[in-house]
Amino acid sequence: MTNLMACPNCDTLHRRTVLPPRETARCVRCHSVLYRSPDLRLSRVLALTLTCLIVFAIANAFPIVEIEVQGIYTETTLVGAAWALYREGMWLVALLVFATTVLFPLSQLLALIHLITPLALGRRPYAVFHVMRAIEFCRPWGMIEVFMLGVLVSLVKLSAMASVLPGIALWAFGALTMLLATVLSYDLRNLWIVIDRTPDPAVQALQAAKRNAAANGLTDEPPAAPPGASTHGPGTASR
Amino acid sequence: MKYLSAKAAGLVACHVCGRLSREVRTVEKARCPRCGAVLHQRKVDSLTRTWALLIAAAILYIPANVLPMMQTRSLLGNSSDTIMSGVIYFWTSGEYDLAIVVFTASILVPMLKLIALSLLCVTAQRGTRWKPHQRTRLYHMVEFIGRWSMLDVFVVALMVALVNIQSLAVIQAGPGIVAFGSVVVLTMLASMQFDPRLIWDQIRDDDTEQDDHD
Ligand SMILES: [Zn+2]
Ligand SMILES: [Zn+2]
């Protein structure tokens with residue numbers, strides 16, 4: 001049953017096929033994207049994710065912009081912006097800003113590293129299912145690119161009342177926006193392919209025990225056959 | 001061409017890992033054999049939850065637009081900015097592209113999201129067979145644009161943090177920002193609760209054929 005899949009948008013059954021590189025499988029019925037050809041060069045994805053993490057640290061450690069009004073300078077970091085809201089009693093909004101720009105993107109990057117590092121080495125990551133679920137959960141809530149647009153809008157607003165000097169973090173955020181887009185465009189469902197063929201020590205021991213039992217004539221039931229339903233191969237289209 | 005859905009074949013797709021399992025009806029909740037997630041044929045109470053979140057968002061949409069997002073105190077006097085007055089400010093100072101960006105992200109997108117999700121809910125509830133492809137595309141659009149309305153919240157956060165120069169000017173966040181942030185979060189949650197498969201559950205194969213040809 002493992003090579004069958006249902007379209008998440010219309011529930012139509014498809015048989016999963018091996019796609020040539022850079023191709024996308026679309027649903028025959030509702031035409032939404034089913035999966036992309038898997039990029040299984042995990043070390044490349046890992047390198048990108050680590051770069052992202054470094055740029056992320058720079059973007060958070062340095063001031064985004066500095067403004068100057070009549071000889072008085074002020075500057076802020078991303079966390080400083082959330083903190084300013086918190087001090088005003090807007091803790092709910094402060095939390096929202098902090099979560100969407102720091103917490104969720106950071107957890108997503110760390111979770112990816114946690115998954116990909118052992119997989120690239122041919123081992124099964126710890127708590128793999130929980131981490132996969134956590135990444136799926138974080139995905140819509142990371143808003144670095146929206147924040148980047150927010151910085152640009154604020155710069156224009158501020159330039160009316162003060163002289164604005166871009167900080168190091170501003171450039172880091174620009175780079176981070178593009179890097180994150182590349183990392184997050186990676187279709188995580190492809191990791192299931194790697195996870196499935198990466199041996200789980202516990203399962204391996206169980207299978208070995210079963211094989212031994214079979215060799216000794218204590219055969220199990222044969223595994224359940226896939227349903228006799230007719231299914232379609234997905235339509236393919238170049239990206 | 002006949003389309004066979006997983007539901008019709010007696011299969012359930014895991015919402016976490018996508019693995020298909022045979023549907024079993026037991027007292028206990030069935031779990032995915034691969035990842036252990038609880039299996040559901042469709043998102044549980046999808047329409048009820050979407051409606052609840054949508055109505056809450058629609059109610060908060062009013063204070064989000066009426067209450068000030070930002071209050072400025074300076075030597076020149078006090079002023080408070082709503083979302084719309086921010087847009088008008090950009091427009092009158094000649095920043096037309098920014099005025100359009102802020103208007104789109106903060107006023108148009110939340111409004112369109114409310115309308116689009118209501119339309120999707122109503123049509124799904126009635127089992128309408130009308131234009132399933134377009135409705136699916138509309139749903140994808142709602143999911144894609146949802147996050148961009150956070151723009152104004154980030155702008156206010158940065159302005160508040162930066163402009164706090166003693167005796168020159170102080171910018172404070174207004175109560176509107178709480179309402180506005182809630183609208184964004186609620187509409188995002190609403191679109192996550194909606195199950196796009198409901199659009200297709202009522203579609204017969206001959207309907208799909210017709211839709212493909214127009
Ligand atoms: Zn489909
Ligand atoms: Zn699963």
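Chain A has an accessible surface of about 12000 Å², and 63% of that belongs to carbon and sulfur atoms; accessible areas come from the Shrake-Rupley method with a 1.4 Å probe, and for residues only the protein chains shown count as cover. A word on the basis: this is a predicted model, where local features need pLDDT of at least 70, side-chain atom pairs count only at pLDDT 80 or more, and totals for chains, interfaces and linings use all residues. Residues are numbered from 1 along each chain as its sequence is written, chains are lettered from A and ligands numbered from 1 in the order in which they are written, and side-chain values use heavy atoms, with hydrogens and water left out.

Of the 239 residues in chain A, 46% are buried, meaning under 20% relative accessible area with a 1.4 Å probe, protein chains only. Chain A holds eight helices and eight strands, which are DSSP runs numbered from the N terminus (helices H or I, at least four residues; strands E, at least two).

Now the metal. Which protein atoms are the donors of the zinc ion (ligand 1)? They are the SG atoms of A:Cys7, A:Cys10, A:Cys27 and A:Cys30, at 2.2 to 2.3 Å. Donors here are N, O and S atoms within 2.8 Å of the metal (3.2 Å for Na, K and Ca); water is not among the atoms, so sites may look incomplete. Along the chain, the spacing of the donors is C-x2-C-x16-C-x2-C. A:Cys10 sits in the loop between strand 1 (4–6) and strand 2 (13–15) of chain A, and A:Cys30 in the loop between strand 3 (23–26) and strand 4 (33–36), so the pair ties together parts 20 residues apart in sequence. Both A:Cys10 and A:Cys30 are buried.

How values were computed: Buried means under 20% relative accessible area, exposed over 50%, partly exposed in between (1.4 Å probe, protein chains only).
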